Amino acid sequence: MATTSVVRYEMRGPGAWITFNRPEKRNAFNLDLVQEASAALRRAEDDLAIRAIVFAGEGPVFSAGLDFRMALELDTAGYRRYREALAGLHEAIRWGSKPVIARVHGDAYGAGVTLLGVCDVVIAVRTARFGIREVNAGLQAGGAFFFDIGRLRSLDLTLTGRIFTAEEAERWGMVTRAVHPEELDAVVQEYVDTFATLPPLSLAYTKRSMNTLLDMAGYGAHRRISVEFSTLLHATEDRREAQRAFLEKRTPVFKGR
């Protein structure tokens, strides 16, 4: 087992476990976490003994999403670097040769939810709550999960930022399986063991075929423009107000600029 400051890497038989290790910050995403997760993913990709990759979270939640304290300190160029690093992690998951499983043991919000959208298998406990809450933070996640759940459901989640359950996410096709907490690890291991018995090249090209189809439908272009839109919104007063108000536990006052 290898531990860096915010990510833990562990080999469990044919599975590589990449665990977000900022429990004191509810595994909020900052640049260090994204970069270390990307490095761990490359390590798993390069290891021929690894046949599947598992993303997990330490502490009570999977991830609270963007680290607002980091975001408030970043200028526009710094925030763009973060967004480009996050996009790079997503693309590495999508185009990597090995199946990637998300083990969601607790709540996930914002960037923690959108990460699930690029994983190949998502196993979540029934009690987990989700929220795509970029709009609440003065940012945007327009089009998130559009290819999974359709336009109206995607807009429902991204325009309101409302909280929804893992069971609802399973019904809509955002989660592969919603399970009881005591079943979580057994189900994750079942997938790891299954992938370990299958031809690695067949798995790799099955993923590649799916992601080629998604890009032909516009998925990749949308993800690229999303970086631009979010970087633009990072420079607004309303974004700073939204994130400051959250940290200060008060109601934000928005001015449309």
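Q: What makes two residues count as being in contact?
A: Contact means that heavy atoms lie within 4.5 Å. In this predicted model, and leaving aside neighbours within four places in sequence, Leu66 meets that criterion with Ala28, Phe29, Ala71, Tyr82, Ala111, Leu139 and Gln243.

Q: Why is Leu66 called buried?
A: The term buried requires a relative accessible area under 20%. Leu66 has 15% relative accessibility and therefore counts as buried. Leu66 belongs to the loop between strand E4 (52-57) and helix H2 (68-73).

Q: Why is Gly143 called partly exposed?
A: Partly exposed covers the range between the limits for buried, under 20%, and exposed, over 50%. Gly143 has a relative accessibility of 27%, so the description partly exposed applies. This glycine is located in the loop between strand E8 (129-131) and helix H5 (146-149). When residues up to four places away in sequence are not counted, Gly143 touches Ser154 and His222. Gly143 and Leu157 are 14 residues apart in sequence, with 9.8 Å between their C-alpha atoms.

Q: What makes strand E5 mostly covered?
A: Five of the five residues in strand E5 (residues 100-104) are buried. Val100, Ala102 and Val104 point one way, Ile101 and Arg103 point the other way, and all are buried. As a general rule, side chains in a regular strand alternate between the two faces of the sheet.

Q: How do you know that E5 pairs with E4 and with E7?
A: Pairing requires at least two bridges between the strands. E4 and E5 run parallel and are joined by three bridges, with Ile53 having Val100 as its bridge partner in E5. E5 and strand E7 (residues 121-125) are parallel and share four bridges, and Val104 stands opposite Ala124 in E7.

Q: What makes E2 and E3 a strand pair, and in which sense do they run, parallel or antiparallel?
A: Strand E2 (residues 7-12) and strand E3 (residues 15-20) are joined by six bridges in the antiparallel sense, against a requirement of at least two. Val7 has Phe20 as its bridge partner in E3. The hairpin of E2 and E3 has two residues between the strands, and Gly13 there adopts a positive phi near 60°.

Q: Why are E6 and E9 said to stand at the edges of their sheet?
A: The open sheet has three strands in the order E6-E8-E9, with mixed pairing. Strand E6 (108-109) and strand E9 (163-165) each have a single partner strand, so one side of each lacks a neighbour in the sheet. E6 and E8 pair in the parallel sense over two bridges, and Ala108 stands opposite Phe130 in E8.

Q: How do you know that the radius of gyration agrees with a compact globule?
A: For 257 residues, a compact globule would have a radius of gyration near 18 Å; the protein chain has 18 Å, so the two agree. Along the principal axes, the C-alpha atoms fill a box of roughly 55 × 40 × 35 Å. Buried residues account for 50% of the 257 residues. The protein chain contains 11 helices and 10 strands.

Definitions and conventions. Residues are numbered from 1 along each chain as its sequence is written. This is a predicted model: local features need pLDDT of at least 70, side-chain atom pairs count only at pLDDT 80 or more; totals for chains, interfaces and linings use all residues. Side-chain values use heavy atoms; hydrogens and water are left out. The radius of gyration is taken over C-alpha atoms; the globule rule is 2.2 Å times the number of residues to the power 0.38. Buried means under 20% relative accessible area, exposed over 50%, partly exposed in between (1.4 Å probe, protein chains only).
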